[in-house]
Amino acid sequence: MDIQTFRNYYDTYYEQLCCFLNFYTQDVAVIEDVIQEVFLKLWENKDCLEITYIKTYLFRAAKNRVLNHLRDEENRHQLLENWFNQQQEEKKYKDCFDIEALAKLVNQAVEQLPERCREIFYLSRKEELSYKQIAERLGISVKTVETQISIALKRIREILSTSAFAFLWLFIR
């Protein structure tokens, strides 16, 4: 197929394809995009396509492309709707908790740690120092830092788990 033949196909079938695709969607931009894609693929594959009836090929290709577009658009809408619903659900659960009360409980749990353990925990979490940096600052081994952080987390979990009933009681009342 040469450029003149391609141009003739385009001029002959463009309007017909627009009217045909209007049965599937009234979105002019989508219709134009689909037709452009069909003609682009026709041109790109002109050397390997064996087309007996060009009109049948163009209409079938356009129909398939518009249906694929509509399917993909529906899937995209469904994904967005699912995402939105999930965000709403998460927000609903976040609203169930008093973040300030939880933060207060965590701070109380940290304050109950032994002094050295608390100091190491603060350096790790508040100042965001690495275990190596903490070890160098305090003149202790990295292993000691690891052990102290492990102890701190374990005790905080224990304190929070026993306080969780009290914490939940705040919301039931």
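Guide: A few terms to start: buried is under 20% relative accessible area, exposed over 50%, and partly exposed in between (1.4 Å probe, protein chains only). Helices (H or I, at least four residues) are DSSP runs, numbered from the N terminus. This is a predicted model, where local features need pLDDT of at least 70, side-chain atom pairs count only at pLDDT 80 or more, and totals for chains, interfaces and linings use all residues. Residues are numbered from 1 along each chain as its sequence is written, and side-chain values use heavy atoms, leaving out hydrogens and water.

Visitor: Over what arc around the axis do the buried residues of H2 lie?

Guide: Buried in H2 are Val30, Ile31, Val34, Ile35, Val38, Phe39 and Leu42. Taking directions from the helix axis to the C-beta atoms, they are on the same side of H2, because the arc they cover is only 160 degrees.

Visitor: How far apart are the end C-alpha atoms of H2?

Guide: The expected span is 1.5 Å times one less than the number of residues. For the 17 residues of H2 (28–44) that gives 24 Å, and the end C-alpha atoms agree, being apart by 24 Å.

Visitor: Which residues sit on the face of H6 turned away from its buried side?

Guide: Ile134, Ala135 and Leu138 are the buried ones in H6 (131–138). They share one side of H6, because their arc is only 100 degrees. The face turned away carries the exposed residues Lys132, Glu136 and Arg137.

Visitor: What is the phi of Glu128?

Guide: Glu128 is in the loop between H5 (115–125) and H6, and counts as exposed at 66% relative accessibility. Glu128 isn't a glycine, yet its phi is positive, near 55 degrees.

Technical notes
Helix = DSSP H or I, 4+ residues; strand = E, 2+ residues; numbered from the N terminus.
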